[in-house]
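Welcome! Please take a moment to turn the model around before reading on, and then let us walk through it together.

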Amino acid sequence: MIKVCHMTSVHAPEDVRIFKKECVSLARAGYDTYLVEQGETYDKNGVHIIGVGTQENSRFARMFKMTKRVYEAALKVDADIYHFHDPELLPYGLKLKKKGKKVIFDSHENTSQLILEKKYIPGFLRVGISKAYKSYEKKICKKLDVVIYVTPNVRKQFKALNKNALFIANYPLLIDNTIPDFTNRNIFFGGMIIPAWHHEDIIRAIEDIHDVTYTLCGTVSEKYLGQLSSLNGWSKVNYLGQVSHERVYEELNNSCIGLAIAEPAPNTNWNEGTLGVTKLFEEMMAGLPVICSNFELWKKIVEENDCGICVNPGNVDEIKKAINKLLNDKNLAETMGTNGRRLVEQKYNWLVESEKLISLYKQLI
């Protein structure tokens, strides 16, 4: 059997893309599959998980101590193919390549652009650090076998890093028996509860809407939660905190509208948008009509296939009108939800992407 080893120093144990999608798909395809990550050591779904303990507390320690621990554990596996998922592991990817291994860098985000959004980096330093990282990334990536990217709008940038750059999207694992409840007036968001998802504007939009509930699932800082809870519309919010992936799907089934109203930012290439965001497709898979940002990429999917409404992020009136339109026209909401579900079944699901991954591995050996 061909031995493959995935590596992450940053992501939580059993990360959906890394473990549930990629590693499990490879194990099912007959590869002897290992995953080195933080946490414990055990076997699951045909994958040999090697835990390297708990995450370091400081950012410096995470970048240097944890990455070294992951590399040393991965090296002992002596795999034929190494597949790493964090920019912090780039130097170790190069080390593995020098040892004669096949090496893949799976870039989940446009890191050089994401640096420009990091609040913990002083504003006057971000541009310089972004440029320095981009140069460093290019220097290493051109020596690796493959670089994977998750959204098509960065194709040109990643092809410049590596001629074998490959687009493998982070579309959801297809789940059956998703039956949304269009008899209720529950709208839903699951994910990181941060200002970039315009929760304040959504809560302001529902303030005067009759008998509506905004269900929120995810982690939130105490400061931002305090800001949200001080709004007049907070009484209509059902905040559940961080819940399991399975609970998220339960709540999607209890809803009639899915929300994905993201702020334009460097990582979305501003108004162009990104396909690296999974919640849009998870809501469509659940058979819900979506209300989302009017990014160019999202408009081509949502508006052209009539599976939701695109709005200008930050425009409370547009958000309010879109919510009211779908709440008050259940036939329209159900039709849009059906269209979205069909689209995910046909195109925007992990099974389609897993075939690209398996084909890539076959070509490497």
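Let us begin with helix H2, residues 59-77, which lies across S1, S2, S4 and S5 and runs at about 175° to S1. Keep in mind that this is a predicted model.

Strands of a sheet pair through backbone hydrogen bonds, and the pairing can be parallel or antiparallel. The sheet in question is open and has eight strands, in the order S3-S4-S2-S1-S5-S6-S7-S8, with mixed pairing. Strand S3 (42-44) and strand S8 (166-167) stand at its edges with a single partner strand each, so one side of each has no neighbour in the sheet. For a closer look at one pair, find strand S6 (residues 102-107) and strand S7 (residues 146-149): they run parallel and are joined by four bridges. Phe 105 has Val 147 in S7 as its bridge partner.

Another helix lies across this sheet. Helix H1, residues 16-28, lies across strand S1 (3-7), strand S2 (32-37), S3, strand S4 (47-51), strand S5 (81-84), S6 and S7, and its direction is at about 160° to S2. In the loop between S1 and H1 you will find Glu 14. This residue has a positive phi of about 60°, although it is not a glycine.

H1 also leads us to a pocket. Which elements give two or more residues to the lining of the second largest pocket? The second largest pocket holds about 230 Å³ of space, and the elements that give two or more residues to its lining are H1 and helix H14 (350-364). H1 gives the most, with five residues. The lining has 14 residues in total, and those nearest the pocket's centre are Lys 20, Ser 25, Arg 28, Leu 173 and Trp 350. Sorted by class, the lining of this pocket consists of seven nonpolar, four polar and three charged residues.

Now let us move to another sheet. It is an open sheet of six strands in the order S11-S10-S9-S12-S13-S14, and the pairing is parallel. Its edges are strand S11 (237-241) and strand S14 (308-311); each has a single partner strand, so one side of each is left without a neighbour in the sheet. On average, neighbouring strands of this sheet are turned by 20° against each other, direction ignored. At one end of the order, strand S10 (residues 213-217) and S11 pair in the parallel sense over four bridges. There, Thr 215 has Asn 238 in S11 as its bridge partner.

This sheet has a helix lying across it as well. Helix H7 (residues 199-206) lies across strand S9 (186-190), S10, S11 and strand S12 (257-260), at about 160° to S10. Is H7 mostly covered or mostly open? H7 is mostly covered, with six of its eight residues buried. Those buried residues are His 199, Asp 201, Ile 202, Ile 203, Ala 205 and Ile 206. Their cover includes S9, S10, helix H8 (222-229), S11, S12 and H12. In the loop between S9 and H7 sits His 198, which has a positive phi of about 55° although it is not a glycine. His 198 has 9% relative accessibility, so it counts as buried, the cut-off being under 20%.

Rolling a probe the size of a water molecule over the atoms shows where empty space is left. In this structure there is one cavity of 30 Å³ or more, and about 30 Å³ of space lies in the largest cavity. What lines the largest cavity? The lining is made up of Phe 182, Asn 184, Cys 256, Leu 326, Leu 327, Lys 330 and Ala 333. By class, five of these residues are nonpolar, one is polar and one is charged. Helix H12 (316-327) and helix H13 (330-346) each supply at least two residues of this lining.

With 21% relative accessibility, Leu 332 counts as partly exposed. Leaving aside residues up to four places away in sequence, Leu 332 touches Lys 325 and Leu 326. The C-alpha atom of Leu 332 is separated by 9.7 Å from that of Asp 306, a residue 26 residues apart from it along the chain.

Terms used
Residues numbered from 1 in each chain as written. Predicted model: local features only at pLDDT ≥ 70, side-chain atom pairs only at ≥ 80, totals over all residues. Heavy atoms only, no water. Pairing = 2+ DSSP bridges. Axes fitted to C-alpha atoms, helices over the stretch in contact; angles between N-to-C directions. Contact = heavy atoms within 4.5 Å. 1 Å grid on protein atoms, 1.4 Å probe; cavity = no way out; pocket = protein on both sides within 12 Å on 5 of 7 lines; lining within 4 Å. Points joined across faces, edges and corners; volume = space filled by probe spheres on them. Nonpolar A, V, L, I, M, F, W, Y, C, P; charged D, E, K, R; others polar. Buried < 20%, exposed > 50% of the residue type's maximum accessible area, 1.4 Å probe, protein only.
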